[in-house]
Number of protein chains: 2
Amino acid sequence: MAVGKTPARIVVLGGGFGGAFTARRLLQRFRGDDSVEISLVNRENYFVFQPMLPEVAAGSIEPSQIANPLRRMLPGVNFYASEVESIDIERRRVQIYAGEGRHLRALPYDHLVVSLGTIVDLSSLPGLSEHSLALKNIGDAFYLRNHVIGCLEQADIETEEEHRRAFTTFVIVGGGFSGVETIGELQEMVELVLPHYRNIRREDVRFVLIHSQERILPEVVPGLGEYAAAELRSRGIEIRLNVKCKAATGEHVFLSDGTTIATRTLVSTVGNAPNPLLKTLPCPLARGRIITDAMLAVPGYAGVWALGDCAAVPMPDGTMYAPTAQNAIRQATTCADNIVATLRGGNRKPFVFGGLGKLASLGARSAVAEILGLRIKGFLAWWMWRTIYLMKLPGLERQIRVALDWTLDLIFQRNIVQLKVFRTEKVDRAHFEPGEAIVTQGELGNRFYIIERGSVEVVRHSPESAPMRLATLGAGEYFGEVALLRDLARTATVRALAPTDVVSLGRGDFAAFAQNLTMLKASFEETLGQRLSEAEVR
Amino acid sequence: MAVGKTPARIVVLGGGFGGAFTARRLLQRFRGDDSVEISLVNRENYFVFQPMLPEVAAGSIEPSQIANPLRRMLPGVNFYASEVESIDIERRRVQIYAGEGRHLRALPYDHLVVSLGTIVDLSSLPGLSEHSLALKNIGDAFYLRNHVIGCLEQADIETEEEHRRAFTTFVIVGGGFSGVETIGELQEMVELVLPHYRNIRREDVRFVLIHSQERILPEVVPGLGEYAAAELRSRGIEIRLNVKCKAATGEHVFLSDGTTIATRTLVSTVGNAPNPLLKTLPCPLARGRIITDAMLAVPGYAGVWALGDCAAVPMPDGTMYAPTAQNAIRQATTCADNIVATLRGGNRKPFVFGGLGKLASLGARSAVAEILGLRIKGFLAWWMWRTIYLMKLPGLERQIRVALDWTLDLIFQRNIVQLKVFRTEKVDRAHFEPGEAIVTQGELGNRFYIIERGSVEVVRHSPESAPMRLATLGAGEYFGEVALLRDLARTATVRALAPTDVVSLGRGDFAAFAQNLTMLKASFEETLGQRLSEAEVR
């Protein structure tokens with residue numbers, strides 16, 4: 001590093017196609033140049049190759065094969081496996097959660113690349129958030145696969161006809177790429193493993209695709225969409241067109257045409273919404289997405305860039321680019337090059353891309369493709385799908401592993417192991433030895449505690465005076481609610497006096513459980529006034 | 001099947017080495033014989049090859065490779081992926097949970113094979129149940145691997161020295177086979193992936209093995225145990241002998257010598273205890289295990305057999321066989337053959353087995369072995385370990401997949417993808433549409449509900465009269481606690497009157513949360529009397 005010169009700090013938010021590929025391009029362009037420091041923040045420590053999620057859900061690829069560790073993909077980048085707490089454009093810094101969310105850490109930047117993608121928001125449809133499964137990340141695919149196998153296990157031993165049918169009915173909402181690929185792959189998997197479930201009759205297995213429009217795969221030309229629909233129907237999949245999902249419960253899906261389907265498996269591929277963090281920014285949004293200029297810069301905020309699904313990037317004709325992986329990958333190159341041009345001097349270039357084509361796998365060795373004007377369907381399209389996506393998968397190692405998984409899948413039977421790695425008991429219990437702090441004054445409060453056994457002291461520290469003991473609490477008493485109810489940092493330290501067992505709830509759970517129970521809420525409000533006024537005492 | 005003849009029903013409980021291999025042997029012996037019906041009950045739908053769990057935890061084998069689906073391993077067996085609720089030896093039947101625990105299903109038997117293994121019970125050590133990780137099944141190995149990678153991610157971005165050290169300190173309790181293999185494999189993994197974590201100093205990484213006896217691996221001859229200890233120490237692993245783990249919290253381990261270690265990772269390989277179901281049986285137990293005769297039959301209870309870790313099988317010298325996989329596999333053959341002899345007529349044979357040898361992998365291509373009197377150590381022993389266990393792994397497909405994983409592990413870097421598939425919000429929310437039953441009279445009660453929005457009616461059905469509405473409840477009110485507090489079937493049906501959102505807690509969580517909170521407990525007891533007396537009204 002040149003003496004006395006601080007390196008330019010580029011902070012990239014998001015490790016999807018947009019963020020990871022921007023960082024990779026920046027690394028290439030700045031190779032050997034230590035006047036630049038590149039950081040990337042992503043909740044997961046890996047980049048996920050989303051086009052292959054339906055195959056992971058169907059068990060033909062192992063989950064970790066389509067996950068590429070960001071540290072390995074981006075050697076030389078400062079990687080933070082963390083969530084972004086806030087973006088402060090005025091002070092040019094980002095705050096992230098460090099140390100398991102115990103404290104915040106600020107990352108100052110000179111250039112900020114926002115590529116936070118989208119989230120799933122189904123709150124407008126009653127019951128969908130609680131009772132539908134998504135397919136956005138590897139955890140979802142892992143869960144879905146194990147859930148489907150679990151349904152077959154239950155159906156096999158269930159004696160009541162009505163429940164058994166619900167276990168073998170699978171409903172997918174959304175007839176776009178994601179929904180079509182998911183239902184195609186899942187149906188193929190169930191078909192392959194069904195011989196192991198001797199008590200399930202083949203005719204009891206139902207796959208239903210719910211689509212709000214006239215035809216599925218509206219992204220491709222009508223001919224291919226119709227081919228896809230005919231192919232799926234020939235495999236027994238029901239396609240319900242011009243109908244929407246209205247509500248869902250743990251046992252039923254309610255449709256806009258007044259019909260109801262009894263099912264234990266509802267997969268929703270709709271409801272993509274902008275990341276709520278974007279709303280906190282001062283820059284203008286279009287349908288929740290950050291408006292950029294053609295160079296991917298955010299107008300009026302020098303050094304702030306946005307791309308991918310969270311950005312509204314103008315096309316030459318004035319409309320916005322679609323939120324696709326193809327666009328994000330190419331925007332990443334443009335964005336990185338424009339940052340280089342800004343730092344080193346040079347011309348920025350606008351983002352212009354016409355798209356190469358569209359591919360949708362239907363499972364069972366069939367697909368539809370629209371590539372460079374050609375329309376291809378069936379086995380050839382499926383073969384192209386596999387070849388093209390395998391080449392796009394970042395990293396030779398992943399490519400080899402996925403190719404091996406595909407090969408083994410041809411030779412061996414599909415796996416029916418149901419991995420239950422989920423915790424079934426939901427309340428956390430914890431043990432503390434005398435002297436240990438359970439909550440520490442000044443930290444962010446994320447949990448609520450009930451003392452099961454033992455005792456604790458509540459102590460207030462202040463810079464001016466000696467620590468003051470506010471209270472001693474014992475079994476059956478609680479603490480920690482003040483920070484949660486009033487969104488404050490911890491107002492005191494709570495320390496174990498004896499070996500102490502506590503049960504605790506996280507913030508969201510506390511809100512759900514405690515604030516809805518009238519009698520509990522009343523009681524909390526009664527003590528809250530008292531504890532808050534104590535907190536103000538110096 | 002011969003006309004008019006009911007097949008003999010053999011029910012096997014447990015799908016580990018004992019149960020799965022007994023069922024497999026029975027299938028072989030009764031091939032083509034339809035006078036026998038074999039059933040197997042296991043919570044998971046797979047057999048897990050436990051000797052390779054440490055390698056799964058260390059990421060050199062994918063989790064599903066060492067899981068063999070029981071349906072595929074045992075074609076022709078009636079498989080029940082379920083938990084055993086009770087064993088009724090008087091009435092010769094087993095009750096299992098069916099349909100996601102909604103109702104019980106009885107499996108009558110003529111011969112019962114009990115091979116339920118052991119559970120982990122750490123309740124005598126404060127904090128161990130809550131704060132230590134086990135390594136008994138695939139879920140544990142999956143969790144441990146992701147937890148260790150998560151600790152490295154946190155350590156890399158943690159700014160406070162003290163917390164950072166805790167994230168990179170790994171403590172394993174128990175110096176037997178399981179503990180030694182786990183620490184050896186984990187240390188190798190961390191060593192391999194450390195270059196990706198640029199902010200972690202090598203000297204901050206600590207591995208500590210806690211062992212209560214004089215030397216590790218007490219199962220093998222002293223020379224090999226000392227070799228293993230020297231090998232592990234040469235790789236920087238600390239071994240603390242003659243010391244026990246006394247207590248644990250989320251941040252510290254407390255040892256019997258008065259010292260304390262700050263850590264976020266405590267793996268316990270001790271605390272194996274008998275399955276609590278055995279205590280409910282009328283047969284005599286020895287240290288919690290079912291006493292059998294030399295034929296593996298339970299004396300005094302014709303048709304009941306026991307084997308594996310849950311059985312006390314007498315050796316010719318009067319002591320009991322050790323709870324090892326080798327013994328269980330060979331007991332399975334004896335047990336199956338003796339059942340065949342009982343059904344078809346013939347001589348039962350006693351179980352006699354001297355043991356073939358002992359193998360412990362130390363990771364980093366080293367192991368110790370004691371086979372047929374020979375003592376082998378280092379690379380040769382490690383190569384034998386891999387060869388022997390690969391051959392023992394049931395199923396050619398698993399063997400090929402594991403061999404491939406091992407090969408890829410030689411070529412590529414160890415994976416550092418941290419898969420977070422755990423649910424973070426703990427309270428379940430659910431939505432119900434009008435007319436749907438939330439709880440149904442007569443079913444087992446497993447959940448407690450609070451109404452967040454909407455309204456419900458509480459209705460009692462009785463055979464003699466019309467359904468009677470007992471109450472209408474709205475937002476802020478609760479139901480479902482009667483069945484949980486008094487361990488009863490649901491005393492009424494609760495049905496949604498409007499679109500209704502509820503938050504709910506499972507049985508264990510309800511007990512933890514609600515019964516410990518003094519004010520909540522008092523309130524429940526107040527309404528309980530009233531609701532129970534309503535329940536008795538006919």
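I looked up A:Tyr449 first: at 9% relative accessibility it counts as buried, because buried means under 20% relative accessible area, with exposed over 50% and partly exposed in between (1.4 Å probe, protein chains only). A:Phe479 is buried too, at 3%. This is a predicted model, in which local features need pLDDT of at least 70 and side-chain atom pairs count only at pLDDT 80 or more, while totals for chains, interfaces and linings use all residues. Side-chain values use heavy atoms, without hydrogens and water; residues are numbered from 1 along each chain as its sequence is written, and chains are lettered from A and ligands numbered from 1 in the order in which they are written.

**Ring pairs.** I took rings of Phe, Tyr and Trp (its six-membered ring) as paired if their centres lie within 6.5 Å; planes under 30 degrees apart are stacked, over 60 edge-to-face, the rest tilted. I noted 25 aromatic pairs over all chains. A:Phe21 and A:Phe47 are edge-to-face, at 5.8 Å centre to centre and 65° between the planes. A:Phe21 sits in helix H1 of chain A and A:Phe47 in strand S3 (residues 46-48), 26 residues apart. Helices (H or I, at least four residues) and strands (E, at least two) are DSSP runs, numbered from the N terminus. A:Phe21 is buried at 11%, and A:Phe47 at 0%. A:Tyr449 and A:Phe479 are stacked: 5.2 Å centre to centre, 15° between the planes. I also found a cluster linked by ring pairs, which includes A:Phe17, A:Trp385 and A:Tyr389.

**Sheet.** Which order do the strands take in the open sheet of chain A? I read S5-S2-S1-S9-S21, with parallel pairing. Strands pair if DSSP finds at least two bridges between them. The edge strands are S5 (78-81) and S21 (304-306) of chain A. I counted 4 bridges from S2 (residues 36-42) to S5 in chain A. A:Leu40 stands opposite A:Phe79 in S5(A).

**Cores.** I defined a nonpolar core as buried Ala, Val, Leu, Ile, Met, Phe, Trp, Tyr and Cys residues joined through side-chain atoms within 4.5 Å. The largest has 257 residues, and A:Ile87 and B:Ile87 are among those with the most contacts inside it. A second, separate core of 24 residues includes A:Leu517 and B:Phe448.

**Copies.** I superposed by least squares on C-alpha atoms of residues with pLDDT of at least 70 in both copies. A rotation of 180° with 0.0 Å of shift along its axis puts chain B on chain A, RMSD 0.1 Å. The two copies are thus related as by a two-fold rotation axis.
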